[in-house]
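Biologist: I would like to learn how to read helix packing and sheet order from a set of coordinates. Could we work through an example?

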Amino acid sequence: RAGYDPIVTLDSDGQHDPAELPALATLLDGHDAVIGARAQDEMPAQRRFSNWAVNAGFRSIAGVDFVDVQSGVRLYRKPLADALGARLPIRGDYGVEYESLVVLARRAAERGEDLRIAAAPISCRYGAAESKLGPRQAARLARETVRQAVRLRVTAPIAGGKDRAPHDLPRSLVVELHDVTPAFEAEVRATWDALADLGVDRAMLLVVPAFRDDRGRTWDLRDHPEFVAWLRARRDEGCGIVQHGLTHRADAPPPGLRNALLHDWFARGCEEFAHLARDEAADRLRAGRAVLDAVGLHSDEFVAPAWLQSAGTRQAIDDLCFRATATMGHLRPLGGERLPIAAPTLTFAAPNPLVDYGKRALMRGAEAFARTAPLLRVAVHPEDLRGARPFDHVLERLRRVLRYRRLVTYDEYLRERGGREAA
């Protein structure tokens with residue numbers, strides 16, 4: 001390949017699929033190294049939390065987002081692999097993934113070059129595997145994470161790669177209005193009016209094509225022309241239309257405590273695409289797209305209810321040529337540009353006041369932590385208007401964020417990002 005041989009590292013426990021390596025290797029045409037970013041929704045809950053904590057800490061200290069800094073799946077151009085072989089210690093240990101980044105960054109600084117690193121999504125099979133990381137090893141890993149992140153920050157030659165936003169791209173904000181359906185028409189309209197009064201002149205409208213409510217009634221957009229006309233008017237004013245599932249209602253989850261908790265507590269029965277196989281996900285995606293096309297609201301962007309997508313769903317989204325999708329932590333361009341973009345989300349929906357106030361504190365911390373992130377998303381739900389949870393709190397957080405961020409849609413941000421990188 002163009003005069004070099006990709007050098008691959010991956011874990012030896014069978015969790016990674018070697019069949020994904022050729023697709024990752026194509027990214028070496030424009031990068032020096034590629035990191036395989038493991039799908040968060042395939043991780044056991046405890047690993048997902050530790051992975052998030054390590055990546056967030058490393059990103060905040062080092063100032064660079066590698067998406068999955070602990071991943072053992074790496075592809076290098078041969079000169080970089082040779083440098084790692086010469087400079088890394090012979091005995092590997094927890095933290096070698098970080099140290100390899102520092103070694104390559106220092107090599108690039110010595111040579112006066114940029115280090116271009118991409119991150120691309122991969123699957124991961126955990127099965128019944130358990131982490132071998134005990135308390136002592138975890139403490140050592142934490143210390144090593146901080147130490148290597150500081151070393152990388154000091155060296156700081158990493159630039160120009162498509163895995164991060166260009167330095168001169170202004171801090172941006174996407175407002176997402178979720179669960180847009182005739183079933184919640186009054187709340188949706190009231191929410192939009194409040195956002196407009198705040199100065200939000202465009203948002204991403206996450207439209208459910210055929211919402212099914214708790215009583216089993218289906219709210220097909222084709223049966224509600226006045227609401228559709230209202231949505232078209234918002235689109236013509238600059239809002240983006242996003243396909244948000246098909247019915248926004250999940251079938252009974254697969255067996256297992258984790259799936260039961262996910263269904264009953266986190267997603268509250270809305271994780272429609274969390275467990276679907278590829279063909280079933282494709283059928284639902286086609287059905288939803290057909291409804292939107294029939295009412296003149298075509299969309300090439302998809303966000304799953306509760307942000308939960310199975311591996312089969314991700315494959316189906318790509319098969320059907322959607323342009324972008326999003327999880328709770330990332331905006332994911334599809335097609336030619338496949339690198340996930342860090343895009344943390346603030347969300348305030350809660351089933352009761354106790355959860356609401358706990359979530360407020362959590363979101364305040366997330367807001368502070370993401371203050372310097374290039375892209376932030378705020379998710380607003382019709383539910384935010386109900387019960388004892390004052391919508392004023394959501395508006396106040398938005399008002400503060402709007403002081404230092406400018407509004408964009410998914411499409412605007414991706415076009416600007418592509419233009420800055422090409423310049």
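Biologist: Is the crossing of helix 6 and helix 12 left-handed or right-handed?

Modeller: Note that this is a predicted model. The crossing of these two helices is right-handed. The axes of helix 6 (residues 185-198) and helix 12 (residues 391-401) cross at roughly 35° and come within 11 Å.

Biologist: Which residues of helix 6 and helix 12 make the contact?

Modeller: Helix 6 contributes Thr 191, Ala 194, Leu 195 and Leu 198, while helix 12 contributes Phe 391, Leu 395, Leu 398 and Arg 399. By class, the contact holds 6 nonpolar residues, 1 polar and 1 charged.

Biologist: Now the sheet. What order do the strands of the open sheet have?

Modeller: In general, strands of a sheet pair through backbone hydrogen bonds, in a parallel or an antiparallel sense. Here the open sheet has 4 strands in the order 1-3-2-4, and the pairing is mixed. On average, neighbouring strands are turned by 20° against each other, direction ignored.

Biologist: In which sense do strand 2 and strand 4 pair?

Modeller: Strand 2 (residues 33-38) pairs with strand 4 in the parallel sense, over 6 bridges. Within this pair of strands, Ile 35 stands opposite Ala 119 of strand 4.

How values were computed: Residues are numbered from 1 along each chain as its sequence is written. This is a predicted model: local features need pLDDT of at least 70, side-chain atom pairs count only at pLDDT 80 or more; totals for chains, interfaces and linings use all residues. Side-chain values use heavy atoms; hydrogens and water are left out. Axes are lines fitted to C-alpha atoms, for helices over the stretch in contact, and angles run from 0 to 180 degrees between N-to-C directions. A crossing is left-handed if the near helix is turned anticlockwise from the far one by less than a right angle, and right-handed if clockwise. Contact means heavy atoms within 4.5 Å. Ala, Val, Leu, Ile, Met, Phe, Trp, Tyr, Cys and Pro count as nonpolar, Asp, Glu, Lys and Arg as charged, and the others, Gly among them, as polar. Two strands pair if DSSP finds at least two bridges between them.
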